[in-house]
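User: I am new to this structure and would like to learn how to read an annotated site in a model. Could you take me through it slowly?

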Amino acid sequence: MKEAKRLQKLPPYLFARIEKKIQEKKAQGVDIISLGIGDPDRPTPEHVIDKLVEQAHNPENHGYPSSVGMLEYREAVADWYKKRFDVELDPKEEIVSLIGSKEGIGHISFCYVDPGDINLVPDPGYPVYGIGTLLAGGEPYYLPLKEENGFLPDLAAVPGDVADKAKILFINYPNNPTGALADLDFYNKVVAFAKKHDLIICHDAAYSEIAFDGYEPPSFLQAEGAKDVGIEFNSLSKPYNMTGWRIGWAAGNKEVVEALGRIKSNLDSGAFQAIQHAAIAGLSGSQDPVKEMQKVYQERRDAAIDGLNKMGWTMDKPQATFYVWAPVPKKYNSSEFAELVLEKAGVIITPGIGYGENGEGYFRIALTVEKNRIEEALQRMQEAIGKVEF
Ligand SMILES: *Cc1c(COP(=O)(O)O)cnc(C)c1O
């Protein structure tokens, strides 16, 4: 069966080789510690689960939902934005529900990209920005995220004709995989860039609530004029440990929200209403579980950074996301180093190259296992590899 070009064009799965190694190790009975997966290990808060159970019994929720989301859900998102960021949103026109933010990130290019069009895509980055672009027939133009720029894209370095031709600029802060932060000043520059080149900003704010040491990441929508040029994606996945529930939203520019809703009404029929009710419980209930979760990740982060620094790294503690993005020691590329750590220490880390060419030279640790397992992983790495040099 001959696959469509759009499917053939997708990049090969870079972690396939590592996955094969993991299976081999597991078959040998090796105790593998996986720091590879960005999926919260802790349970969804109890009151959210209770709400799902209650609402799953209500026959009113058993039919097709509205593809753009229940108004009550969109109101809960608007209230949350008001409380958290002091941003006003019209729940009727400026918010659309999503089956997880990945769904919206994947579909947005279908709204704006014709074959041959360009999207500006961060590298390293969450793969869906580029994949969605390719599936729509577009071409990703990669913006390198460099350490010396604080892993922010250098917008001034984008050639003028490319920026003029581009349809969408994807950004993501706090950033996966680098853990980098963006402030309002950066978002203001992004708005100016979008206005100058007439492009749409899609900000992925998946880690807005995963922050430490009292730091509170801003929303892109707080920037002056942000709603004129773009939308922000977010979801309940990371703050409420709900990755499996598939519930999120896009908020901001009316036209973009409407276009995304139109695509969705033609492709899917929205999120199960009982899940939307549960999401309302998460967004409008006590935020104590979020604070507790932040404390847990902060302790794990400290364990990871202290462990790495003992081996010769000189890392600062990232203030957001549940990732540590660390340079690969001298003499290895990221894939070689990940294989070495798996082979010698039974620890899975992800090679930076898996997030784009500019991820080469780095690896990512996910803080999604218990602190004692992180400590053990670093202990094993120290015993197996010893001091590292750069
Ligand atoms: C986890 C994650 C998402 C969220 O995905 P959902 O589909 O909402 O579960 C989006 N963007 C990034 C960068 C992520 O890491």
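Analyst: What follows goes from the annotation in a record to the surroundings of single residues, bearing in mind that this is a predicted model.

User: Which residues does UniProt place in the feature "binding site"?

Analyst: An unreviewed UniProt entry places that feature at Tyr126, Asn176, Tyr207, Ser235, Leu236, Ser237 and Arg246. Of these residues, Ser235 and Leu236 are included in the lining of the largest cavity.

User: Where is Asn176 placed, and is Asn176 buried or exposed?

Analyst: Asn176 sits in the loop that runs between strand S5 (166-172) and helix H8 (184-197). Asn176 counts as buried because its relative accessible area is 7%, and buried means under 20%. Leaving aside residues up to four places away in sequence, Asn176 touches Gly125, Tyr126, Tyr207, Tyr323 and Arg364.

User: Why is Ser237 called buried, and why is Arg246 called partly exposed?

Analyst: The label follows from the relative accessible area, where buried means under 20%, exposed means over 50%, and partly exposed lies in between. Ser237 has a value of 6% and is therefore buried, whereas Arg246 has a value of 30% and is therefore partly exposed. Ser237 lies in the loop between S7 and S8, and the place of Arg246 is in the loop between strand S7 (230-235) and strand S8 (248-252).

User: Which residues does Arg246 touch?

Analyst: Not counting residues up to four places away in sequence, Arg246 touches Leu98, Ile99, Gly100, Lys102, Ser237 and Ala271.

Terms used: Residues are numbered from 1 along each chain as its sequence is written. This is a predicted model: local features need pLDDT of at least 70, side-chain atom pairs count only at pLDDT 80 or more; totals for chains, interfaces and linings use all residues. Side-chain values use heavy atoms; hydrogens and water are left out. UniProt positions are given in the numbering used here, feature names are shortened, and annotations may be inferred rather than shown by experiment. On a 1 Å grid over the protein atoms alone, a cavity is a set of points where a 1.4 Å probe fits but cannot get out, and a pocket is an open set with protein on both sides within 12 Å along at least five of seven lines; lining residues have an atom within 4 Å of a point. Helices (H or I, at least four residues) and strands (E, at least two) are DSSP runs, numbered from the N terminus. Buried means under 20% relative accessible area, exposed over 50%, partly exposed in between (1.4 Å probe, protein chains only). Contact means heavy atoms within 4.5 Å.
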